[in-house]
Protein chains: 2
Amino acid sequence: MNSKIKDIINNIESVDYSVIEKTQYILDNLTKPKDSLGDLEEICKKVAAITHNPFPKVSKKFIFVLAGDHGIAEENVSAYPQEVTSQMVLNFINAKAAINVFAKHIGGILFIVDVGVKGDFSNISSDVFINKKINYGTNNFLKNPAMSKEEAEKAILCGIEIIEEVLSNYYKEENETFLIAIGDMGIANTTVASAITALITGVEVEKVVGRGTGVDEVRFKNKINAVKKVLQKYDFDLNDVIDIISKIGGYEIAAMVGIILACARYKLPVILDGFIVTSAALLASCLSCKVREYLFAGHISKEPGHKVQLEFLGLKPILDLNMGLGEATGACLAMSIIELSCKIIHEMATFETAGVSKSL
Amino acid sequence: MNSKIKDIINNIESVDYSVIEKTQYILDNLTKPKDSLGDLEEICKKVAAITHNPFPKVSKKFIFVLAGDHGIAEENVSAYPQEVTSQMVLNFINAKAAINVFAKHIGGILFIVDVGVKGDFSNISSDVFINKKINYGTNNFLKNPAMSKEEAEKAILCGIEIIEEVLSNYYKEENETFLIAIGDMGIANTTVASAITALITGVEVEKVVGRGTGVDEVRFKNKINAVKKVLQKYDFDLNDVIDIISKIGGYEIAAMVGIILACARYKLPVILDGFIVTSAALLASCLSCKVREYLFAGHISKEPGHKVQLEFLGLKPILDLNMGLGEATGACLAMSIIELSCKIIHEMATFETAGVSKSL
């Protein structure tokens, strides 16, 4: 494996559970009944553990939408034509897609990353666009492996670079943290994520394949067949994630794996969106069992395989709004709640400072 | 019944379901797969129906925390002493309580209303404080009715005034709406809300009484006994809500009834918080069956009776974060999601304007 990727993985530490007691003490002295903020208190403690800081503070919120195309699209598995990936990248850059509205609403900093879109954006000059293009879409995995192993490593490195660039380009105080949300764009990527999910969780294909953007019965069957065939066609070794990615794809999913690994390496909370992003989390958790301690499930999407993934990773989703759009929309909304969970310990009075009586 | 209250109730119209088709058409042309924003699309359509506007827009978000004390507190039913109600009112005014942090986080305009707190705030001069005091706490309903019928009507009128004052003090364009979130503060108010809930839903007392701010076994039994006794002590007529309020209380719950009625009368979406506020919604829905069309359940709290209430009203909670603080904290977070649901139809591109291909 590439030495940089190996280095990142080897330097992932376990989160610091020892700070949780201090954070709990702080929470219990705020002017509210004990545990009355429920999941927000659990979230705050998790951020504390991830950042090794009992008094965590969020200074910036980043959202990365990773885009890539998939050769399997030619098997008629999606309700939308492949050019929609490119069209949506332009829509993101023009600030007119759902995630643009969501990101603005929560005060997040949004970036669109081309990792493997079948379209040329080399002329695009935009503050929100990051060009990390490796190729113009993957191969149809039913004919050939989605990409080479070199490309798979390169795509993971892209994700690592994205986080390292954020950390070098944006200043943060020692006691502050950034939150990182990840989202996806790529026609046919639910087929790819289904294959990854069935492979890693061992759950049967029919239980992880869903309707994606709303496919009809014919395309739904095509999806199931494509996933079954790819799992039969190749030999897979769960200890060789690079090989899995090279066979199934995709470029953007590999980059998400890199982002997740780098967040864990640099002690940043990372907020997963839906089915695609969580398939990347499955891959990343095969590379290091400590990864899952850094993950938040932003929401549970209506894609049935997402529940399978979250149960496998042991993650409780923050939101359940029956969404299934991708683009980081679910992660983005949850990120605002995670930020709030940290604000309460900085902005609320304690029983003592407010002169409020404690419980009897 | 007081003629003003009667007038408000008689002027509550049904929401305009006919606009939903137009809103659906708008939603379906945005650059996203059909229905992919799930509950957000349902929420947007509900705001459209409430405001009779297929293209709803939220201009301001108001949060009212209504405070009152309850004579039943002397029966040892709460984990906190009664003076905490007054202390928390000061904490709200000093902007140091949970709801202050939440309201600031979502950009909401917060007001604290004293309707019946056992404490004197007549010297308080603060932009966020509204003095509508009717009395210094209710009577212990096991000894005497909580208040007179005149006071019950006066408290409902307070709530109506609050909404009428907002509508006269804050400008909004014809095509804009305000969102109204309601929260509570009052030691022992879960006992009062439990009695209201058992009475109106007919569900047995043990299933609606919960741990509130975290009572021990002794106080939990005291709560159950208090609720059972009050339901036996008086004769109740579900057609006489004023009488129910006068017997059980409380001042702040009556004011919430007024706010809810006025929101329905003036076509404003109203976002319920937890168990206390939803008990007011039960009362309001006895006064007009159309009221429930204007209600959003901000979240489902960990108080077990809240689920009973929401099922009775047929409301699906927006959030489920295991919270149980009150103060409008759950309603406040949900209000931000409701606002976002309306932003999408104004800020997203359509397939046509963005040049994105539609589904095959």
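The points below go from the pair of chains to two single residues.

1. A word on the source: this is a predicted model. Please read the values that follow with that in mind.

2. Let's start with the symmetry. Chain A can be superposed on chain B by a rotation of 180° with 0.0 Å of shift along its axis, and the RMSD is 0.0 Å. That is the relation of a two-fold axis.

3. Next, how the copies meet. Of the interface residues of chain A, 100% are also interface residues in chain B, so the two copies meet through the same surface.

4. With a relative accessible area of 17%, A:Gln87 counts as buried because the cut-off is under 20%. Leaving aside neighbours within four places in sequence, A:Gln87 is in contact with B:Gly355, B:Val356 and B:Ser357. A polar atom of the A:Gln87 side chain lies 2.8 Å from the backbone nitrogen of B:Ser357.

5. Finally, a residue in chain B. B:Ala262 belongs to helix H11 (residues 251–265) of chain B, and B:Ala262 is buried, with a relative accessible area of 0%. Apart from neighbours within four places in sequence, B:Ala262 is in contact with B:Ile8, B:Ile160 and B:Ile163. As for B:Ile112, 150 residues separate it from B:Ala262 in sequence, and their C-alpha atoms are 18 Å apart in space.

Key. Residues numbered from 1 in each chain as written. Chains lettered and ligands numbered in written order. Predicted model: local features only at pLDDT ≥ 70, side-chain atom pairs only at ≥ 80, totals over all residues. Heavy atoms only, no water. Least-squares fit on C-alpha atoms with pLDDT ≥ 70 in both. Contact = heavy atoms within 4.5 Å. Buried < 20%, exposed > 50% of the residue type's maximum accessible area, 1.4 Å probe, protein only. Polar contact = N/O pair within 3.5 Å; in protein donor to acceptor, adjacent residues only side chain to side chain. Helix = DSSP H or I, 4+ residues; strand = E, 2+ residues; numbered from the N terminus.
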